[in-house]
Amino acid sequence: MRRRAVLRGAGAAGTGLGGFGGFVLRPEPGPALRLVRHRLAPASWPADLPLSIALIADPHCGGPQATLERLARIVATTNALRPDLVVLLGDYLADHRFTPNRPGFRAVAEVLAGLRAPLGVHAILGNHDWWEDAATQAGGAGLPEAAEDFAAAGLPVLHNAARRLLHRGRPVWLGGLGSQWAYRARRGAYRGADDLEATLAAFTDDAPAILLAHEPDIFPQVPARVAVTLSGHTHGGQVRIGGYSPVVPSRFGNRYAYGAIEEAGRHLVVSGGLGNSMLPVRLGMPPELTLVELGGPAA
């Protein structure tokens, strides 16, 4: 399959069907928070149905650079953008050793519950949210405890399911896929809790559809029926130099590491995310709040 991948850095001009801009929002402890915009015109999305989606990916709350107070400021910044829809893409708690004051899932969910958008705030879980739950890792049934905490805060998790939203009087589907790295296994292998077939089957009519998938690796299997797949997980490699990351948690390496990507007319956006994994270090990849704009003329 011939593919065209468009990976953009901060401040770069858009090409093809997508437009991009990166803007520093305000000073923060550590790297400054950046607003990154991607304007897309997928063939399967109505051009006369503009929709703005704010992506909050990988907060990894915990430690001096990822406090609940910082997350609250990000919530306020997101609300000021007045998006039509807000999506939470998983990995809510820090996993590195530099986290002396790590909060719980419920505390993080209560802060995120302050987000506001006409089409609501919708969450999926990431691999770290699954790994935190000893019962599910030991083979227990059901979703990890994080899902209960989010539901209690008014943010029920989408898991291999879809919700039918009404935007400007027209239906839109929002699907949420389970984590593809949900279960840790020996020798570095992972087992997923994802069911793409069930998620797609939940789109019971031909209304335009959006898919949330924490890990971007599912993208080659996503049909053109889906206008755009929205992902996090990679942190843009967390270290990125000249558009390349030496380490990317993906079997595809840099192919789906970051940005707006188009392959055979299908669209994927991978947010650089807000927090850090393994080590509290970012280089060439500032934490970002991502805004995706669908419909209208291409930039």
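First, the ground rules. This is a predicted model, in which local features need pLDDT of at least 70 and side-chain atom pairs count only at pLDDT 80 or more, while totals for chains, interfaces and linings use all residues. Residues are numbered from 1 along each chain as its sequence is written, and side-chain values use heavy atoms, with hydrogens and water left out.

Start with helix 1 and helix 2. Helices here are DSSP runs of H or I with at least four residues, strands are runs of E with at least two, and both are numbered from the N terminus. How far apart are the axes of helix 1 and helix 2? They are 9 Å apart, and the two helices pack at an angle of about 25 degrees; axes are lines fitted to C-alpha atoms, for helices over the stretch in contact, and angles run from 0 to 180 degrees between N-to-C directions. That makes helix 1 roughly parallel to helix 2, a label for angles under 35 degrees.

On the helix 1 side, Leu68, Leu71, Ala72 and Val75 meet Ala107, Val108, Val111 and Leu112 of helix 2. Contact means heavy atoms within 4.5 Å.

Now the cores. A nonpolar core is a set of buried Ala, Val, Leu, Ile, Met, Phe, Trp, Tyr and Cys residues joined through side-chain atoms within 4.5 Å. Buried means under 20% relative accessible area, exposed over 50%, and partly exposed in between, with a 1.4 Å probe and protein chains only. The largest nonpolar core has 36 residues, and Leu88, Tyr92, Leu112, Leu115 and Phe150 have the most contacts inside it. Helix 2, residues 105–112, supplies the largest share of this core, four residues. A second, separate core has 25 residues, including Val87, Val172, Leu230 and Ala260.

Leucine 112 has contacts with Leu71, Val75, Leu88, Tyr92, Phe150 and Leu155, leaving aside neighbours within four places in sequence.

Next, asparagine 79, which sits in helix 1, residues 68–81. Is asparagine 79 buried or partly exposed? Asparagine 79 is partly exposed, at a relative accessible area of 22%. Not counting residues up to four places away in sequence, asparagine 79 touches Gly114, Leu115 and Arg116.

Last, leucine 35 in strand 2, residues 33–40. Leucine 35 is buried, with a relative accessible area of 5%. Its C-alpha atom is separated by 5.9 Å from that of threonine 290, 255 residues apart along the chain.

Definitions and conventions. Angles under 35 degrees count as roughly parallel, over 145 as roughly antiparallel, 65 to 115 as roughly perpendicular and the rest as oblique.
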